[in-house]
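Hi,

Here is the structure I promised to send over. Have a look at it first, and then read on for what turned up when I went through it.

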Amino acid sequence: MSNHHDLSSYLVNRDGIDVINGIKNGTVPLPPLLELFRPTLVEVSTGFVRLEATPDYEHLTLTGVAHGGWALTLLDSAMGFAALTVLTGGSVCVTLETSARLLKAIRPGGRGISITGKVEYQGRVPIEVSGRIEYDGQLLAIGNSSCLTVLPRKEPTDHS
């Protein structure tokens, strides 16, 4: 059994953009699921993130192209990261719904496939985010996500 670390501890009392920049600079670990996809977080600003990734052999379907789950996972991650960048004081967001349209086959080996998330609307609770996967000037996939804002997690208090 592997050693599990409570990644949510990185979120307590921190602005979301600081957490995402921490992932970019290596002071906050990638969520464990993303280790399977090995993206690089290359750009972070308020309401926007850009990842780069390359599908490898283990991400392919029988037809030799990236599985839709590869695309959807990376789109959902980029959109979730973008949503987190607009939250402050330890608030986080969770995905309510994510959708994607795969427009062209995503082939293995293409270096620098770009996956972006951009906040389109931030309300008191909902955050609406769009996503894109692009390579060499071609749009490969688009996505949309609705995220819900969750109030800051409180540190446990000692009542002894």
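Let's start with Ile115. Leaving out residues up to four places away in sequence, Ile115 touches Val49, Arg50, Leu51, Glu52, Ala53, Leu74, Leu75, Ala78, Arg132 and Ile133. Do keep in mind that this is a predicted model.

Ile115 also turns up in the largest nonpolar core, which has 37 residues. Together with Trp70 and Ile133, Ile115 is among those with the most contacts inside that core. The elements giving two or more residues to the core are H1, S1, S2, H2, S3, S4 (113-122), S5 (126-135) and S6. Which of them gives the most? That would be H2, with ten residues.

Now for helix H1, residues 16-25. Gly16, Val19, Ile20, Gly22 and Ile23 are buried there. Looking down the helix axis, you'd see these buried residues fall within an arc of 150°, so they line one face of H1. The cover over them includes strand S1 (40-45), S2 and H2. Just after H1 comes Gly26, with a positive phi of about 90°.

Next, the loops. Thr54 sits in the one between strand S2 (48-53) and helix H2 (68-84). Is Thr54 buried or exposed? Its relative accessible area is 12%, under the 20% cut-off, so Thr54 counts as buried. Setting aside neighbours within four places in sequence, Thr54 is in contact with His59, Trp70, Gly109, Gly110, Arg111 and Gly112. Take Gly112 from that list: Thr54 and Gly112 are 58 residues apart in sequence, but their C-alpha atoms are 6.8 Å apart in space.

Ser91 is another loop residue, located between H2 and S3. Ser91 is buried as well, with a relative accessible area of 13%. Not counting residues up to four places away in sequence, Ser91 touches Leu84, Thr149, Val150, Leu151 and Pro152.

On to the charged pairs. The structure holds five salt bridges, and here are some of them.

- Arg38 pairs with Asp56, with the closest N and O atoms 2.5 Å apart. Arg38 is in the loop between H1 and S1, while Asp56 is in the loop between S2 and H2, so this pair ties together parts that are 18 residues apart in sequence.
- Glu58 pairs with Arg38 too, with the closest N and O atoms at 2.7 Å. Glu58 lies in the loop between S2 and H2, so its bridge to Arg38 ties together parts 20 residues apart in sequence.
- Arg132 forms a salt bridge with Glu134, where the closest N and O atoms are 3.3 Å apart.

Through shared partners, Arg38, Asp56 and Glu58 are joined into one network. As for how open these side chains are, Arg38 is partly exposed at 41% relative accessibility, and Asp56 is partly exposed at 25%. Arg132 is partly exposed at 36%, and Glu134 is partly exposed at 27%.

Val94, Leu96, Val125, Leu148 and Val150 make a nonpolar surface patch of about 360 Å². Strands S3 (92-102) and S6 (138-150) are the elements that give two or more residues to this patch. Leu96 belongs to S3 and is exposed, with a relative accessible area of 58%.

Cheers

Notes: Residues numbered from 1 in each chain as written. Predicted model: local features only at pLDDT ≥ 70, side-chain atom pairs only at ≥ 80, totals over all residues. Heavy atoms only, no water. Patch = residues over 30% accessible without salt bridge, like charges linked within 9 Å, V, L, I, M, F, W, Y side chains within 5 Å. Areas by Shrake-Rupley, 256 points an atom, 1.4 Å probe, with all protein chains shown as cover. Salt bridge = Lys/Arg side-chain N within 4 Å of Asp/Glu carboxyl O. Helix = DSSP H or I, 4+ residues; strand = E, 2+ residues; numbered from the N terminus. Buried < 20%, exposed > 50% of the residue type's maximum accessible area, 1.4 Å probe, protein only. Contact = heavy atoms within 4.5 Å. Arc of directions from axis to C-beta. Core = buried A, V, L, I, M, F, W, Y, C linked by side-chain atoms within 4.5 Å.
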